[in-house]
Amino acid sequence: MFFPTSHPWADGETLGEHLQQRGVDRREFLTFCGEIGAILGLSSLLTPKIAKALTQVQRPSVIWLQLQECTGCVESVLRTSEPTIGDLVLDLVSLDYQHTLMAAAGDAAEGALHDAIEKNRGSYVLLVTGSIPMNEGGIYTMIAGRTVKSILEEVAADAAAVIAVGACAHWGSVQAARPNPTGAVGVSSIVKDKPVVNIAGCPPIGDTVTATVVHFLTFGRVPALDYDGRPTFAYGKRIHDQCPRRAHFDAGQYTQVFDDEAARKGWCLYQVGCKGPACFSPCPIFQWNTRTSWPIGAGHPCIGCTERHFWDTMTPFYKRLPAVAGFGVERTADTIGAALAVGAAAGVATHAVATSIHRARHRKLPVAGQGQAPPAEPGPGAAPPSGKEE
Amino acid sequence: MARQKVVVDPITRIEGHLRIEVQAEDGRIADAWASSTQFRGIEIILQGRDPRDCWAFTQRICGVCTTVHALASCRAVEDALDITIPPNAQLIRNLVHSMQTVQDHVIHFYHLHALDWVDVVSALSADPAGTAAIAKAISPWPNNSETHFREVQDRVQAFVASGQLGIFTNGYWGHPAYKLPPEVNLLAVAHYLEALDWQRDVIRLHAVFGGKNPHPNFLVGGMASAINVEGTATINAERITDLYGMIRRARRFVEQVYWPDLVAIAGFYKEWGAIGGGVPNYMAVGEWPEGGTYRDVDSLYFPRGIILDNDLSTIHPYDQQKVEEYITSSWYEYEGGDEVGLHPWEGETVPNYTGPEPPWTFLQDHDKYTWMKSPRYEGLPMQVGPLPRMLVAYVSGHEDVQALVNEALGKLEVGPEALLSTLGRTAARGIETVLLAARQEKWMDDLVARIRGGDVSTFSQEKWDPSTWPSSAQGYGYLDAARGALGHWVQIENGAVSRYQCVVPSTWNCSPRDAQGQNGPYEAALMDNHPLAIPEQPLEILRTIHSFDPCMACGVHVLDANGDPITEVKVR
């Protein structure tokens, strides 16, 4: 998937010409664009626009920095979607620096990074996984004798777009959980002079990452974002409102303890701690691993991993959320509808995603008494961490 | 002859941040330093948490070895709370963990390790018909046709011609240490691409049982994926059919692609059977409980034990009480001084960074040079991972392992001593993968047989409610993970974690010098008959380091002895 096509990219050749060289006909290409559009939550009316954009761009340089992290987000991107489509998506870019896969090491690797920056100043896309440890001058993560903070600052300076992939790059994730020993923060705490797209999740679904890159290439700008920098095409709706088990919630049909009769009937997991009512995520729609399943689909409650500080605000994971007003399809629709009025979509995709429900700008707003209310009793980690976040 | 300082940082194609420094002399490596340059402190974060949440936190120690920390954590908490999981859950965990191991080993071979042995550029001059002839002689894999190899070669040709080399930029192509004929290079490149598709498919097993990969969901007391063959959102006939498909495709690829490729490539690099041995001690805690729990040594498919001083005639019993950790060369300090070793239960971790202020150039001039501690067993460094597991099984008389090891040694025309090397570590990983890929079918059959017999239980409910727990409890969980012996220790007070400790494979392998000056396995291997032809192109270093399959995020952990958060960090 990170590999070449069977025909060289000539200087100045567009993707459209290139695909023609490869023997991809117009109909196949439009099908591909339609699928990408579906992932992005765009109307099929926009398919020709995506196609037009993709046929005009050339392979941009992508630099992928891996900072304080576990590499799970890289693995997630390796699992992306269908093979042939995956090939095409990743064929859109030239992945010039990526530790997990690149052949070179040491000085040769760092040379590749600096060459990519020099040749593509102002036009490369920067993907970042991992957080930035700020305590003690940054000595908790160093590469080639430098702190990752200084590396991020240098590489971000000339990037056309900065995409923070995963919870660590988003806000620090597990190492930023209380008491945040290394002072881990997300990319947006360091990069202040340009918008940072946050692909939330621990890890995020790989397809969300590739779709965001395609969005950038298609529309020449990052996708519409919610209050926390997350693309609305993926994070615009609560899991609870897209959940195939929602009817059981409304009907009061709950799993009371794992593996009970209700669990074996596939009933709602709210009582065993599901954070779906407080979590904005594409999991129920995109699903995981080429749409094989997703956490709730496999019987485990959502742990809320696309939300900032979830290691502290969503734990204990098996304690049920307080005061989620239930049994109210109508009420939910009303309140969400009110919240929608507050939401703001920006950019070229606005009209296309207008049917998506946008989250209110205020953290606790989406649905009064539902949404983001913190656990009733302050558990071990109920308070937000006292680390040096922002 | 003056020694030359050589630095390789970052070591790429691994998990995490690893730095290797060596001193080279006359084309050999005279001295070596392995340094981990990332620290996160996850064990501190666990204090005060609900023990049932720990699997999720510890799973995030590593996304490449996803599942293994979650499983070790569940075992530790279940041990502390005296929970016995249902047999179905044990089988499901075996399947999840084994598919992780199988997939991880194949990815390691093709995507992390192969480019140390395979020259991608050389594949351009291959005759695809020759590649097909070689491939057909060693495997019935249906894609091994001239047409397919020609197509791959065209793609590589196009890629190189484009001038945009992406992840292949600045590779050491043309290095004299590359020995494969162009036709074999093309074979490996073709399978590099096929393996990318394969890994994405077979790991879907995690999504079926755990909802996603990476980081599938586990559950203290069993697994959350309920079984109901008549249900719609449960393990049912459709899911079982899908699982069998993945398990069979996993096995087929391992037997018809990975293993034949490994043996074929190894045949061109036999001299690496005498390079990079290093530490002569091997430790396996055993894995794959069948019919019992992991505590029941007799129920384990791969046995537990220790081999000392390269003596392949004796297996010593493993005793966790004999583990100690040193920080003589690590950026920590002990209250009793930097020369003592402490058992994990008495362990102290006070970070004390004494390295140079960044940016810096060398670490080897400093007594302390890494965030990795030095675990020792009875004072000795130990190798952990597939090679120790296969050696312990081989010496223990494990029939499946002996048969496959002997087959490999016979094909390569080398003796068992060749296993104690860089090449041996890579070969042992393949042997283990073949055995596990086949064993998965048995575990799946066993699971289906139990369901057919009416047992659909996947979870033990009795100890789920914290009100059933004792006010004070402690336990530990062992696991032989893809990269080696892993242990989690947990103490629980009044329903919350009071202390948590992990001792991790890459800590054993990447450990620095201890108080006695003994090098850890990475360092010792680099100093054992080890070439380095062109210091500016450290290909040989990558071969030996990658043979361990490093995972740095796993290796560095921290816990204060009193369960207190770290409050003071000194920076000189």
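Mentor: Axes here are lines fitted to C-alpha atoms, for helices over the stretch in contact, and angles run from 0 to 180 degrees between N-to-C directions. The helices (H or I, at least four residues) and strands (E, at least two) are DSSP runs, numbered from the N terminus. The model is predicted, and local features need pLDDT of at least 70, side-chain atom pairs count only at pLDDT 80 or more, while totals for chains, interfaces and linings use all residues. Residues are numbered from 1 along each chain as its sequence is written, and chains are lettered from A and ligands numbered from 1 in the order in which they are written.

Consider the helix pair. Helix H10 (residues 386-396) and helix H12 (residues 422-452) of chain B have axes that come within 8 Å and cross at roughly 70°. H10(B) and H12(B) are therefore roughly perpendicular, a label for angles of 65 to 115 degrees, with those under 35 roughly parallel, those over 145 roughly antiparallel and the rest oblique. Their crossing is left-handed, which is to say that the near helix is turned anticlockwise from the far one by less than a right angle, clockwise being right-handed. Residues are in contact if their C-beta atoms, placed from the backbone, lie within 7 Å. On the H10(B) side, B:Pro386, B:Leu387, B:Arg389 and B:Met390 take part, meeting B:Gly424, B:Arg425, B:Ala428, B:Arg429, B:Ile431 and B:Glu432 of H12(B). By class, this contact has 5 nonpolar, 1 polar and 4 charged residues; Ala, Val, Leu, Ile, Met, Phe, Trp, Tyr, Cys and Pro count as nonpolar, Asp, Glu, Lys and Arg as charged, and the others, Gly among them, as polar.

Next comes a sheet in chain B. Two strands pair if DSSP finds at least two bridges between them. An open sheet of 3 strands has the order E1-E2-E3 in chain B, with antiparallel pairing. Strand E1 (4-8) and strand E3 (28-36) of chain B stand at the edges with a single partner strand each, so one side of each has no neighbour in the sheet. From one strand to the next, the twist averages 20°. Antiparallel E1(B) and E2(B) (residues 18-25) are joined by 5 bridges, and B:Val6 stands opposite B:Val22 in E2(B).

B:Ala24 also lies in strand E2 of chain B. B:Ala24 is buried, with 24 other C-beta atoms within 10 Å; buried requires 20 or more such atoms, exposed 12 or fewer, and partly exposed is in between, with C-beta atoms placed from the backbone. The C-alpha atoms of B:Ala24 and B:Gln4 are separated by 5.1 Å, although these residues are 20 residues apart along the chain. Leaving aside residues up to four places away in sequence, B:Ala24 touches B:Arg3, B:Gln4, B:Val6, B:Ile29, B:Ala30, B:Leu532 and B:Pro535.

Further along chain B, strand E13 (residues 484-493) is mostly covered, with 9 of its 10 residues buried. Strand E12 (residues 472-481) of chain B pairs with E13(B) in the antiparallel sense over 10 bridges, and the two form a hairpin with 2 residues between them. There, B:Asp480 has B:Ala485 in E13(B) as its bridge partner. E13(B) also pairs with strand E14 (residues 496-503) of chain B, antiparallel over 7 bridges, with B:Gly487 opposite B:Val503 in E14(B). In the hairpin of E13(B) and E14(B), which has 2 residues between the strands, B:Asn494 takes a positive phi near 50°.

Terms used: Contact = placed C-beta atoms within 7 Å.
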